[in-house]
Amino acid sequence: MNSSPFELFRRNLKPLMVLLTGLALFAFVALPVLDTYMRQSAGVTGSDVVATYSGTELTRGRVNYFTQNHNSVVRFLILLGQETISRGGTPQVVGFSFDDQSGQVTQVGINQFPSEMGSIRSLMLASLAQTEGFELDDNALQVWLEQYTNGTMTEKEIIDLLMRETQNRLGRPHLYEQLRTHLLAEVYEKRGISGLFLGQSRSFPQVTPHEFWDNFLKTNRSASVSAYGIKVADYLPETTESPSQIEIEAMYEDGKDRDPSEFSSEPGFHRQYVAKFEYVAADLQSFVDAEVAKLSEDEIRAEYDRRVKGGDFLIPVDASLAPIDASLPPIDASLPPIEEPTAETGAESEENGEAEPETGSAEAAVGSEATPEESAPEDEATAAESAESAATDSDQNSTAPSTEDQSSAGHVEAVRLVTAFQQEASSTQEEASGEQGEPAAAAEEVQNTEQDVASTENEASTENEASTENETTTEENETVESFESVRDQVAEDMVRDAARERMNDALAQVQNQMQDYLRKYTKYQTTVQIKIDAGEEPPENSPAKPNLEQLSEELGLKYEVIGPYSVNSLSEQTSDGSGFIEPIAGSFSMDSVRMGQAVNFVQLAYSPASPESQDPSLGLFSPISTVGMNPGGMREYLAWKIDEVAAYTPTLDEVKDEVVMEIRLQEARKLAVKAAEAIAAGAEGKESVELKDLIPEDKQESLKEGLKPFTWITQIGMQGASVSVVEGVEAAGADFMKAVFTNEAGTVSVATDQPGNVVYVVQTDSFQPSEEELRSQFKTRGPDTALSRMLGNNAGEIVGGYFEKMDEKTKFKDLTAVE
């Protein structure tokens, strides 16, 4: 009997093949389904329920597993869409979108923002859809995938790509489960909001013709009003200091889950997410100053001389002004200006037979009009000789200036003449005191002084210039800036490149340390979680955080720690509206600016991971790089979050004082409204009344009449629109605008500002323009679709109501926040 192993294998080949085939079917078909069922059924603990609806309980384990698979499927669908396009196809499913410019898939046809709450809602909506008879079998899902790939890939190729992308973690059952759940959830959701929005997105609500007209009026009709404000706080003394426990508990329940807002009168006691940040900042100017301090004066002057030789720092000379020696006495302000003849006046003079006066004559005429109070008296002979001397000097320089230089020449001559007269007056005074001189000597002195002035001006105008054939033209048209006036500029230009390199090196050193710590911190946190899951003690020693304060001091950087801040408090601006309280809040990511998005620091730090999540996507110790402006120029920031406190609902004991104050404020607001209504009632039954006649005499100072006209809404380019700012009314809101624009001119009404701090008695004085003109403009311009989409309508309220009713019907409870 042959006992060879090969003979044994040959005899049992068929049973062995049946066994291996069964194992393969189990491994590739039954096992993934069993694994999915076991993961869905298991939680972190057996009773860790995160949500309930219609008698169904969702455990955290099932939700987390579904979310993890959702994330993997979204990445796979992006890859599948790119592969389809690379093969020449175009996905044909509803909701798919591809950006041709960036070459990226932007929408994949299902919800592409995995989150815990998103998974809970998807599982719930899909379950409700199935309950009401909606079904998607495997054949329907296969057709969906064929449409997604546009027939460019077989089902086997699709599944092979999925397994390769997920490293064999997901197979066909997992993909189909995700598609079935999200598609059914979308069907059930759209059933309730169908017709409210344009297309597949909720970004563009449908707008009716009446809403188009209403929005046009809000942005084009202006109102002039008079307003009298009554402060709510003035009525606090009239309220109950100790409300009942029932009132306190009711107010707490109303506001415990609402965030407080300075722009709302609704109670809010919920504690927002807050974070603390550490950052370093670099100002290029500070590095430039440090490098300039290393330069010597000789080095700076040598660079200045080099640049002057190269033609730098040349500035044109104003033709109407000539350099004046600062050491000379001031020009007599009483002297009349010298008006040089123009071509027209010269022609007229020739026609009338009048000769144009020579320069010397003009000088003598100006000199003869000097006031006796400022010039010492001189005898006629001396004056005549002075004039003769001036005329002689003019004859010796008989070359006439060019047309464009006449004004400059006239000014120079006036300066010379005045200087000569001042010198001559000095000589005259000396003569009167006993130091007599001959008239000829006095005239000679005037001539010498004039020549000295001319010599001084010529030397000043030719200093630091090269001698060329066109030297005279250069002197007249341009000059060189002095070393003192451009010293700082020269020095800064010498070191700017080195300063920027040093600044970049300093920032790079800080960023490297931050990135290195982030890697260590992430690894440490992962190890801690693994140890906890395994029931072991986590490691005690966490990685050492770099000392950014010390490092900044060494590198010449600015160091700050700010917070804790909520998203609202970090967005607050200074009282004068000139910028943010924290300058870093107004800085922007340069990457986002290059992409045309301009995402600022607040958005980077607090943006949620997905629309369904409230948790920021930014983790602890993840560096953020932004650029902003400061008074000295550009400033670069490197920041990270060093601590955070999750949003939570405080206990009544924690916020009892706030609750009591809110009760009293609401009571005081009612009293203020009652007082305002009493004033407004004085206008009832009267055809014409002015608001000032209704206000008590001792309150007239609070009346603001004839406020600057304003519209209901101010459109901000194509980016958005907001309630208009009303001069004299702080934070005028929708209630104030409704009182103004929904009443006839002359009507007196009552309105509260947006935060509910002031109650106004408002009289609408007039509207501009007339309704006939507005209708004509509306017909000409047509409906503003972009504006109406920005302003929206009640579609959001309808959607919110739909989900509220659905939650009531299914008795949905969100237990994610319950410990």
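I count a residue as buried under 20% relative accessible area, as exposed over 50%, and as partly exposed in between (1.4 Å probe, protein chains only). The model is predicted: local features need pLDDT of at least 70, side-chain atom pairs count only at pLDDT 80 or more, and totals for chains, interfaces and linings use all residues. Residues are numbered from 1 along each chain as its sequence is written, and side-chain values use heavy atoms, with hydrogens and water left out.

**Overall**

I looked up the elements of the protein chain and found 27 helices and 18 strands. Helices (H or I, at least four residues) and strands (E, at least two) are DSSP runs, numbered from the N terminus. Of the 819 residues in the protein chain, 35% are buried. I took a contact as heavy atoms within 4.5 Å. Among the contacts in the protein chain with a separation of 6 or more, 72% come from residues 24 or more positions apart.

**Helix H9**

I checked helix H9 (residues 245-255), where Ile248, Met251, Tyr252 and Gly255 are the buried residues. They line one face of the helix, because they fall within an arc of 100° seen down the axis of H9. The arc is that of the directions from the helix axis to the C-beta atoms. I note that an α-helix has 3.6 residues a turn, so residues three or four places apart point the same way. The buried residues of H9 pack against helix H23 (652-680).

**The sheet with S6**

I traced an open sheet of 4 strands, in the order S9-S6-S11-S10, with antiparallel pairing. I count two strands as paired if DSSP finds at least two bridges between them. Strand S9 (558-565) and strand S10 (624-630) are the edge strands, and each pairs on one side only. On average, neighbouring strands of this sheet are turned by 30° against each other, direction ignored. For such angles, axes are lines fitted to C-alpha atoms, for helices over the stretch in contact, and the values run from 0 to 180 degrees between N-to-C directions.

Strand S6 (residues 274-283) and strand S11 (residues 633-645) run antiparallel and are joined by 10 bridges. Opposite glutamate 278 I found tryptophan 640 in S11. Helix H10 (residues 284-292) lies across S6 and S11 and runs at about 35° to S6. Helix H19 (residues 548-555) lies across S6, S9 and S11, at about 150° to S9.

**The hairpin of S1 and S2**

I then read strand S1 (residues 49-53) and strand S2 (residues 56-59), which run antiparallel with 4 bridges. Valine 49 has threonine 59 in S2 as its bridge partner. The hairpin has 2 residues between the strands, and serine 54 takes a positive phi near 50°.

**Rings**

I paired rings of Phe, Tyr and Trp (its six-membered ring) if their centres lie within 6.5 Å; planes under 30 degrees apart count as stacked, over 60 as edge-to-face and the rest as tilted. The count comes to 20 aromatic pairs. Tryptophan 712 and phenylalanine 741 are stacked, because their ring centres are 5.8 Å apart and their planes are at 25°. Tryptophan 712 is in the loop between strand S13 (710-711) and strand S14 (713-716), and phenylalanine 741 is in helix H24 (residues 734-741), 29 residues apart. Both tryptophan 712 and phenylalanine 741 are buried. Tyr273, Phe277, Phe601 and Tyr606 form one aromatic cluster.
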